[in-house]
Each structure stands twice: as structure tokens, then as C-alpha cells.
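Please have the sequence and the model open as you read.

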Amino acid sequence: MSKKSVKASKEASSAALDFTSAFVYDPAPESSSHAEIKPQYELFINGKWVKPSSNKYFNTISPSTEKVLSKIAEANEADVDLAVKAARNAYEKVWKNMPGKERAKYIYRIARLIQERAREFAVIESMDGGKPIRESRDVDVPLAAAHFFYYAGWADKLEYAFPGKNPTSLGVAGQIIPWNFPLLMAAWKIAPALATGNTVVLKPAETTSLTALKLAELFQDAGLPPGVVNIVTGAGATGAAIVNHPDIDKIAFTGSTDVGKIIQKAIAGTGKKATLELGGKAANIIFEDAPLDQAVEGIVNGIFFNQGHVCCAGSRLFVQEGVADVVIRKLKDRMESLQVGDPMDKNTDVGAINSSEQLKKINEYLKIGVNEGAEMYQSSCKIPSKGFFCKPTLFLHTSQSHRVVQEEIFGPVLAVQTFRTVDEVIEKANNTPFGLSAGVWTDKGSKIFSLTTKMKAGVVWANTYNKFDPASPFGGYKESGFGREGGLHGLLPYLQLN
Amino acid sequence: MATTKPTRKPAATPIKTTEVQSNGNGSVKSDRIGVLKTYKIFINGQFPRTESGRYYSLKLKDGSAVNMCLSSRKDIRNSVVAARNAQEKWAEKTAYNRSQILYRIGEMLETRSAQFIAELVSLGSSAAAAKTEVETAVDRLIYYAGWCDKYNQIFSSVNPVSSSHFNFSSTEPVGVVGMIAPESSALLGLISIIAPAIASGNTVIVLASESKALAAVTLSEVIHSSDVPAGVVNILTGKRSELAAQFSTHMDINAVYVNTNDAALKKQTETDAALNVKRARVEGEQNWLDESTQSPYRIMDYLEVKTTWHPIGI
């Protein structure tokens with residue numbers, strides 16, 4: 001990328017900060033020389049790299065350059081069956097009976113190895129997925145390591161988690177993860193499964209397989225017994241083969257509500273347990289008494305973090321009328337200062353959209369929003385000619401019935417509404433089939449807790465947004481899914497309470 | 001049997017319990033014409049007949065029969081509206097208050113033990129079994145009454161996150177729960193599924209046992225006189241085969257419980273639940289007398305965990 005300059009938009013008011021003369025960012029690219037990406041990846045089954053029985057491979061590309069990074073094996077039903085058999089075998093012969101304190105040590109090793117190879121993981125995550133290197137480096141990779149470290153310690157302490165119960169493992173867990181946080185979601189799935197004594201067949205998303213495959217290399221380095229974790233790559237058909245495999249005891253899925261419903265139907269009557277972490281359309285609510293500058297940072301973090309590819313993104317903004325004008329003005333100013341572009345540049349705030357398919361979907365919603373009569377505002381940034389990019393976008397003057405308010409866009413697109421009273425905003429915020437998360441901004445403590453208890457959502461951030469931690473349970477109400485991941489509560493979906 | 005044959009069709013003979021009930025101490029022979037009871041359903045704290053105007057005949061042990069409402073899908077929809085309207089206020093009551101209300105149901109049930117025992121006998125139980133069932137049902141209510149203000153301390157957590165935030169996870173009721181009660185248990189099964197669901201602030205719509213619906217109607221009367229707000233518990237009588245799908249497909253029901261050994265019904269329920277990502281819990285017949293069927297984890301079945309982040313700073 002060439003030099004980027006940030007220009008104050010003509011539309012922004014005179015209070016806008018003038019970056020034109022002062023701020024010109026030089027490129028600060030992260031080197032990719034440290035990251036080893038093989039030209040081709042096989043399936044990771046029973047501790048070994050196995051060729052797909054179909055001998056089919058698909059390309060994984062960098063969404064910021066559209067260059068092919070590697071070829072990835074496509075697993076079919078036969079391959080999934082092989083992986084499930086390996087997982088079953090490892091469960092029965094090794095993992096189920098291994099004392100918790102020994103299981104723990106393997107999981108601790110994984111955490112330590114991720115920390116050791118953090119830079120490599122961060123670089124590959126940004127190359128393969130398009131997220132800014134600053135985020136991969138400071139959020140995804142450290143949190144992934146922390147997640148393994150947190151759950152490792154639970155492995156020999158499970159009887160303390162559920163009073164009066166004797167928890168036991170379920171067996172083989174089939175896990176299907178999305179492309180928005182590839183390594184972190186793998187950690188969210190694998191760490192609690194292993195700590196609770198289950199074995200795993202995991203499928204990464206087809207556009208972001210690389211860090212999961214790198215994680216497999218690291219399992220080998222950790223000496224994890226063969227078959228305890230198996231990684232099968234592929235698209236929807238591979239996922240369906242996992243969901244429908246008769247010898248899988250538990251399905252853990254993170255992804256869209258539509259696919260979640262298909263999975264819930266598919267496993268009906270089979271006795272398989274499920275955790276579904278699905279879509280969201282979170283309300284981010286700004287009251288008149290909120291610290292406004294802080295709130296604007298929270299709005300930006302809520303919707304533009306990870307290009308808005310976040311199921312808990314604060315994609316519906318509710319601003320109390322008295323401060324609406326000033327908040328929107330400050331927000332537009334702040335959007336002007338966002339660096340949009342090369343994910344590998346350490347200054348970048350908003351990277352590449354994960355795939356051309358996703359960019360197409362976002363662009364369709366931009367059209368829908370305009371056609372429905374909302375006012376679209378985009379920052380004046382230049383976006384690279386190559387790769388998949390979307391300017392940070394606001395839709396102003398939206399109402400509850402707009403599709404950009406109702407539906408999950410999964411991109412850097414914020415629908416803005418105003419409100420007058422507390423009751424009104426509670427009603428509007430909860431008026432959605434989703435219920436994953438919410439944000440509340442006010443200086444008044446009692447108001448915070450009044451609001452947070454009334455939000456029908458599994459995670460509520462007060463005067464902050466998009467914070468994650470391995471000790472903090474995460475998951476949705478209503479059509480945002482069920483079951484929790486993270487914390488003590490994240491153990492339950494992987495256990496039978498006897 | 002007193003000569004109390006009703007003149008209207010299809011009403012039937014009153015059960016002997018009316019005699020027991022009338023003086024609480026055995027039957028009294030009399031030439032008086034008895035007053036027959038109309039068995040109705042319980043929606044929003046009221047006792048309407050089914051809007052469908054249909055009935056089914058419930059045969060009793062002595063050969064007589066009573067008419068029960070054959071509830072319709074519309075009755076379920078009406079119940080869901082009532083349950084939804086009641087849910088938020090019920091959940092907002094203090095845990096101590098909900099605890100006392102569940103305890104009150106237990107008190108009311110205890111004082112009407114004789115009627116329930118007689119009804120269970122008329123439904124086929126032995127006198128001894130009926131007595132045990134009613135006593136256990138009362139005890140079960142007291143058990144769950146005690147949990148109302150305690151389970152959240154067991155299931156909640158303060159989470160030691162690595163940033164400057166106070167972070168805690170607390171439970172909330174899932175909302176409106178549709179329940180298909182155990183077919184083989186007239187009273188105890190009903191109490192055993194309703195109590196843990198309402199203990200946390202959920203509201204319920206329950207389809208009573210088809211073949212043992214008598215006690216469910218009487219339980220409605222107990223609930224009605226126990227300070228349970230209207231709409232918190234709604235009890236319908238009717239046929240599973242007609243109504244089960246309405247529970248699992250209704251888009252404003254958050255969780256569904258079905259007691260069945262029928263694999264096809266289990267599969268259908270879980271399939272339908274996907275329409276709005278309902279929480280579905282299907283379990284087989286239980287021995288409800290066994291204490292293992294009472295547990296705070298049955299309360300947990302109808303809870304959501306909410307995690308709240310709050311910054312720590314000046």
C-alpha cells in the first residue's frame with residue numbers, strides 16, 4: 001500500500017479535527033517472512049497428515065491481495081468418518097481415562113506453544129482472514145492462548161464446578177467454526193472439550209483454514225495423543241458430514257442463525273447435545289448522560305472492530321435525542337480517522353472483508369438500506385483497488401422495520417436510530433429475534449443495572465464494548481443460540497451431569 | 001352412590017369425592033341432588049371453557065365419567081399471550097416473594113389433600129399410593145419454594161477477567177415455557193415440572209395428562225388461590241396428538257418440555273424447536289416419587305446465563 005492520507009470530509013462540521021496537514025501515516029507493514037505456509041495442506045487425522053480420499057483441494061486466498069496462499073484438502077464423508085473413528089478410538093483408549101491432571105498438562109502445553117509462536121499465528125491470521133495485524137497480534141492470538149491456559153486448569157477440578165453432581169465427558173465432539181476469528185474460535189471450541197475429557201473433530205471455515213492447520217502442527221509438537229483432535233477442512237458439505245455422523249455425541253457450532261437452525265433440525269431425535277452460537281443484531285445504547293467521547297470510541301469498537309465481522313457487533317445504535325446530533329458528528333469525525341486498508345499494516349484499523357462473497361452480501365445490504373430510504377454515510381477513505389474492502393458505513397434515520405436494522409449484515413455497517421425514553425429504547429432494543437449482546441452507555445450506575453437486567457441478551461457491556469475473556473461466559477438468548485462458551489458455564493455443554 | 005344422575009347429556013355422574021369433600025370425613029347418605037362440577041381450563045387466572053366448545057369424556061374408576069375440555073390450538077395461543085404478558089412482572093418479583101408464593105401453593109395443596117387423594121383414587125390409584133403422591137407433591141413444592149432465592153447463588157459467578165472490569169454472570173428466566181406433562185402422573189408429575197420452571201420467573205402453559213386430567217383442573221384452583229399472578233401458570237386439558245405441535249412450533253414460546261417415551265414425538269418436538277431456536281427438553285417417563293427427580297438443575301433447564309461487563313475506574 002502506498003502512503004495513506006486522512007482527509008477531513010467536507011460534510012464534517014467545522015469541529016472536525018484537521019488531519020489534512022498533520023497526519024500522514026507511513027506504511028508500517030508487518031513482515032510475513034517469519035510465517036511458514038506450506039503450498040498444500042492435508043487433513044489432520046489421528047495425529048497424521050492424510051490426503052483427502054477425493055484427492056480434491058481448494059485454494060485459500062488472501063482477501064486483501066486476492067493471491068493464493070495455499071491449497072487446502074477437501075474432506076468428504078469418508079474422510080470425516082475416518083476422523084470420527086480416530087476421535088472415538090482416542091476417546092475410548094486414551095483420553096477418557098486419562099487423569100484430569102495429565103490432560104491439563106497437554107492443554108497447558110498448547111497454550112504455551114501458541115504464546116511462543118504468537119507472531120507466526122498473528123501474521124497468518126491476518127494474511128488468510130484479512131483482519132488487521134494489530135488485532136490478530138493483540139486480541140485473537142493472546143486470547144486463544146489464554147483460553148487454552150484457562151481451561152487447562154479446569155481438567156482436574158470439574159467436580160467443583162457443579163455442586164452435587166458427578167460430571168463425566170460426553171465422547172466425540174464435532175465442532176464447526178466461523179471465519180471471523182479462526183484461531184480464537186478453534187480455541188473456544190477445543191479447549192473446553194479437551195479439559196472435560198472429550199475428543200474432537202473440528203472443521204474450520206473454508207476461507208480461513210490456515211491457523212487451525214497450524215494449530216494441528218502445534219498439537220504434534222505438544223505430543224497430544226493421536227486422534228484427540230482431528231482437523232478436517234472443507235465447506236458446508238464437510239460440516240454436514242460432521243453434523244450427521246452417527247458416532248458424534250455433541251455438536252458445537254458458531255455461525256449464522258440460518259445454518260444453526262438447519263443443524264438443530266438435523267440432530268433432532270438423535271440424542272446429540274448441541275451448543276449453538278449464532279447471529280446477532282446488538283443494540284448499543286447511548287444515553288444523554290454518557291461520557292460521549294468514550295461512547296463514540298465504543299460505537300466504533302462495537303461495529304468497526306474486525307470489519308464488523310463479529311456476531312456480537314453493536315450494529316444497531318440507539319442515541320438519545322438530546323445528544324444525537326453531537327454523537328453523530330463526533331462519530332463521523334472519528335470514522336474519518338479510521339485507517340482502512342492493508343491488514344498487514346500495523347496502522348490499519350479496518351482490514352479486508354473476509355471474502356468476495358461476504359463483500360457482495362454487504363454491498364447488497366448497502367443498496368437495500370438506500371432503497372429503503374435510510375441516509376447512507378461513508379467515510380471518505382480510499383480503499384485499495386485489489387482485494388475486498390468496504391468503507392465504514394452509517395445508515396442514519398433508520399427505523400425498526402428497515403432490513404438494515406432487522407437483519408445481520410456482518411460488515412462495517414451501523415444502523416442508527418434515536419430514542420427519547422428509557423422504556424422506548426428497551427422495547428426497541430429487545431424487538432429482534434436475536435439476543436446475543438448489548439451495550440449501554442451512561443454515567444449513572446443504577447441506570448446501567450436497570451438496563452442491563454432488561455436487555456434480552458447473553459452478554460451486556462456497560463460503558464465498554466466487544467471485550468472478551470476466557471473466564472467470561474459468552475452466548476445468546478433467543479435465536480442467537482444456546483449454551484455458553486467461556487468461564488465455568490462453558491464447561492457444562494461438554495459434560496454429562498450424573 | 002347417591003342418586004345424583006344428571007339430567008343433561010353429556011354430563012356424567014359426579015365422582016364420589018364430592019361426598020368426601022362435602023364433610024371431609026367419609027360419605028353421608030342423602031337424598032339431596034348433588035351439584036355437578038364443570039371442569040374447565042385455566043388461562044390468565046380465569047377458568048374459561050375451551051373456545052372450541054369441544055369436550056372429551058374422562059372415565060373414572062367407579063365407571064362414571066366427567067367431561068373435560070378438549071382444548072384447541074386457539075386456547076394455546078391465548079395462553080401464550082397471557083403467559084407472555086405475565087412473564088416480565090413475575091420475573092421482577094423478588095426471589096423471596098416468589099419463594100413465598102410457591103410455599104403458599106404447597107400450603108393450599110396440603111389443606112386440600114383429602115380432595116386430591118380422593119381424585120387420585122378415582123383416577124385409579126390405591127388409597128395408599130394417592131396419599132403418598134399428594135404428600136410428595138406438597139413436599140416438592142416446599143423444596144422448590146426454598147430454591148427460589150438460592151439457585152442463582154449456585155449458578156452465578158464473578159469472573160476474574162484480565163482487564164479492569166467487574167464481570168459477572170447471573171441467571172435469568174428463559175421466558176415462556178410450553179410443557180406437556182407426564183401422561184402417567186396426575187398430580188406429582190405436574191407439580192414436578194411446573195415448580196422448577198416458575199421458581200425462577202418463567203411462565204408456563206401446561207398440557208395436563210389426558211387420561212388423568214381431573215387433578216390438573218383441581219390444581220388450577222389451588223394455584224388460583226395461592227397468590228400466583230394471572231398468566232404465570234396456564235393449564236389446559238386435551239389431546240397431545242392435537243396440541244403437541246402447537247407447543248413446539250409457536251414462535252413466542254422460548255422453551256418446550258415434553259414428557260414422552262415416544263421417539264417420534266421427541267424427534268418432531270426437537271425438529272420444530274429449530275423454527276425459533278427453542279430450548280427443547282424431552283425426557284421419558286420418570287418415577288416422580290424418587291427424590292432424584294427434584295433438583296436445582298431442573299431450574300437451570302429454563303435459565304439463561306447473562307454476563308455483564310462493567311469497567312472499574314475513577
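Before that, two notes on conventions. Residues are numbered from 1 along each chain as its sequence is written, and chains are lettered from A and ligands numbered from 1 in the order in which they are written. This is a predicted model, in which local features need pLDDT of at least 70, side-chain atom pairs count only at pLDDT 80 or more, and totals for chains, interfaces and linings use all residues.

1. A sheet in chain A. β6(A) and strand β7 (residues 68-73) of chain A run antiparallel and are joined by 5 bridges. Strands here are DSSP runs of E of at least two residues, helices are runs of H or I of at least four, and both are numbered from the N terminus. Two strands pair if DSSP finds at least two bridges between them. The open sheet has 3 strands in the order β3-β7-β6 (chain A), with mixed pairing. Its edge strands, each pairing on one side only, are β3 (40-41) and β6 (57-61) of chain A.

2. Two nonpolar cores. The largest nonpolar core holds 187 residues, and Ile107(A), Leu187(B) and Val206(B) touch the most other members. Such a core is a set of buried Ala, Val, Leu, Ile, Met, Phe, Trp, Tyr and Cys residues joined through C-beta atoms within 7 Å. Buried means that 20 or more other C-beta atoms lie within 10 Å of a residue's own, exposed means 12 or fewer, and partly exposed lies in between; C-beta atoms are placed from the backbone. Helix α5 (residues 182-195) of chain A gives the most to this core, with 11 residues. A second, separate core has 64 residues, among them Leu317(A) and Leu451(A).

3. A buried valine. Val84(A) lies in helix α1 (residues 77-95) of chain A. Why does Val84(A) count as buried? Because it has 24 C-beta neighbours inside 10 Å. Val84(A) touches Val172(A), Val201(A), His245(A), Asp247(A) and Ile248(A), leaving aside residues up to four places away in sequence; contact means C-beta atoms, placed from the backbone, within 7 Å.

4. A bent helix in chain B. The 20 residues of helix α2 (residues 73-92) of chain B should span 28 Å at 1.5 Å a residue, and the end C-alpha atoms are 29 Å apart, which agrees. The expected span is 1.5 Å times one less than the number of residues. α2(B) bends by about 35° at Ala86(B), the bend being the angle between axes fitted to the seven residues ending there and the seven starting there. Ala86(B) is also one of the buried residues of α2(B). The cover over those buried residues includes β5 (176-180), β6 (203-207), β7 (233-236) and α9 (240-249) of chain B.

5. Where the chains meet. In chain B, 29 residues are in contact with 36 residues of chain A. Elements giving two or more residues to chain B's side are β4 (165-173), α10 (263-273) and β10 (303-311) of chain B, and β10(B) gives the most, with 8 residues. Strand β20 (residues 459-462) of chain A pairs with β10(B) in the parallel sense over 3 bridges, and Val460(A) stands opposite Thr308(B).

Definitions and conventions: Two residues are in contact if their C-beta atoms, placed from the backbone, lie within 7 Å.
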